[in-house]
Amino acid sequence: MRVGVPTEIKTDEHRVAITPAGVAAFTARGHEVAIESGAGVGSAIPDDAYRAAGAAIVDGADAVWDRADLVLKVKEPLEPEFERMRPGQVLFTYLHLAASEQLTAGLLERRIVGIGYETVQLADGTLPLLVPMSEVAGRLSIQAGAACLERRAGGKGILLPGVSGVRRGLITIIGAGVVGMNACVVGVGLGAEVTILDINPLRLGYVRDVVQGHVTTLMSNAANIEGAVASADLVVCSVLIPGARAPRLVTRAHLAQMEPGSALVDVAVDQGGCAETSRPTTHRDPRYVEEGVVHYCVSNMPGAVPHTSTYALTNATMTYALEIADRGWREAAGRDTALASGVNVVDGHVTHEAVAGAHGFEYMPLAEAAG
Ligand SMILES: NC(=O)c1ccc[n+]([C@@H]2O[C@H](COP(=O)([O-])OP(=O)(O)OC[C@H]3O[C@@H](n4cnc5c(N)ncnc54)[C@H](O)[C@@H]3O)[C@@H](O)[C@H]2O)c1
């Protein structure tokens, strides 16, 4: 199969959909890989590294799309990419179609096969192609929070690990899922005092075991949240209720009880945010101060560390991409229900029920559309 990887064109997106190891895996199985010149530069992967792994480096996105049977990307396609799509071409990328009727309609019109990373779902409900980005965001949240606490950012000037004879920082993490656990691991590793809250006791037990007891776990309820937020130097919000807006757990009144110059990193801002005062920010202008608390609310945190994010993402996507290339998308999806749940559009039909429901399009079961 001919695999194509264009440069991402979304503003401030520096990830790329393949690494040199991925190229080597495709070529070892007899597939051809064409990569747009410069596609890896934002992730610190030069053309030469891809070339050495067996890829053809081509000039311009048209040359990639023209010859590819399978296009690998990171972000959803943008307007200039629509004209490049051909009927029957397979696009494997984050699509988030439920969030955009225009994008869904565009893909239907181009009659491509659109497989969305975000809807690939294992039998236990986990989303294996979202997990790596949650890991990155969770670990990064402590780094971002530490920067907020620095004086130059408006913070109170606290070093999270403390030093001999001086107290360490207090971190409160609300939500002990993938983001929360990764934040906890970094916070504990840094030497801060960490409290983590969740409504699921099993998650709390798991996190406590992972950090070998070096954490305070609390059931998430109004009283515990209020107490843990008031005493924290840094609050990390990492709650998710699948399919719903993030609950507003941290109020203005809670923040008013924190010491001035404390920090809040709302990782859940991409789902509306857990704090009353959260609003999405960008990597160019990531912080603002409200109620005396320095807020960091970047909705695409992994974009700050594209090298790590590219490797983390492709570690997860490559197994599926290789299956699609080896067997063709129909057989690959037929053998793997997780991949099948990732197929959102086929030849002008919506094959994902939630996407169809979101925009009032007719839903066609995959088996029927794959015909
Ligand atoms: N900003 C970014 O760049 C970025 C990147 C990755 C993920 N995210 C977001 O981070 C959030 C967390 O993602 P995740 O992968 O960790 O999800 P997850 O499903 O692994 O974890 C969510 C946790 O929230 C807990 N929870 C639900 N209601 C709660 C409540 N009232 N109090 C405390 N805990 C509660 C759940 O029990 C679960 O353990 C999501 O909103 C996700 O979209 C943002």
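I began with strand 11 (residues 263-266) and strand 13, which pair in the parallel sense over 3 bridges. For my own reference, helices (H or I, at least four residues) and strands (E, at least two) are DSSP runs, numbered from the N terminus. Two strands pair if DSSP finds at least two bridges between them. Across this pairing, Leu-264 stands opposite His-295 in strand 13.

Before going further, I noted that this is a predicted model, where local features need pLDDT of at least 70, side-chain atom pairs count only at pLDDT 80 or more, and totals for chains, interfaces and linings use all residues. Residues are numbered from 1 along each chain as its sequence is written.

**Strand 13, continued**

What runs antiparallel to strand 13? I found strand 12 (residues 287-290), joined to strand 13 by 4 bridges. Arg-287 has Tyr-296 in strand 13 as its bridge partner. I also checked the side chains: Val-293 and His-295 of strand 13 (residues 293-296) point one way, Val-294 and Tyr-296 point the other way, and all are buried. My cut-offs: a residue is buried if 20 or more other C-beta atoms lie within 10 Å of its own, exposed if 12 or fewer, and partly exposed in between, with C-beta atoms placed from the backbone. In a regular strand the side chains alternate between the two faces of the sheet.

The hairpin of strand 12 and strand 13 has 2 residues between the strands. Glu-291 sits in that loop, and has a positive phi of about 55° although it is not a glycine. Most residues other than glycine have a negative phi. I count Glu-291 as partly exposed because it has 19 other C-beta atoms within 10 Å.

Arg-111 gave me another positive phi, near 55°. Its place is the loop between helix 5 (101-110) and strand 6 (113-116). Arg-111 has 16 other C-beta atoms within 10 Å, so I put it down as partly exposed.

I traced an open sheet of 8 strands in the order 3-2-1-4-5-6-14-15, with mixed pairing. Its edge strands are strand 3 (56-58) and strand 15 (349-350), and each pairs on one side only. Inside the order, I looked at strand 4 (residues 70-72) and strand 5 (residues 90-93), which pair in the parallel sense over 3 bridges. Leu-72 has Phe-92 in strand 5 as its bridge partner.

**Helix 6**

How far apart are the end C-alpha atoms of helix 6? They are 25 Å apart, which agrees with the 26 Å that its 18 residues (131-148) should span at 1.5 Å a residue. The expected span is 1.5 Å times one less than the number of residues. Because 15 of those 18 residues are buried, helix 6 is largely enclosed by the rest of the structure.

**Around the ligand**

I listed 32 residues surrounding the ligand, the closest being Ser-134, Gly-177, Val-179, Ser-220 and Met-301. Here a residue is near a molecule or strand if its C-beta atom, placed from the backbone, lies within 6 Å of it. Helix 6, helix 7 (178-190) and strand 8 (193-198) are the elements that give two or more residues to this shell.

**Last stop**

I ended at Tyr-320, in helix 11 (residues 306-327). Tyr-320 is buried, because 22 other C-beta atoms lie within 10 Å.
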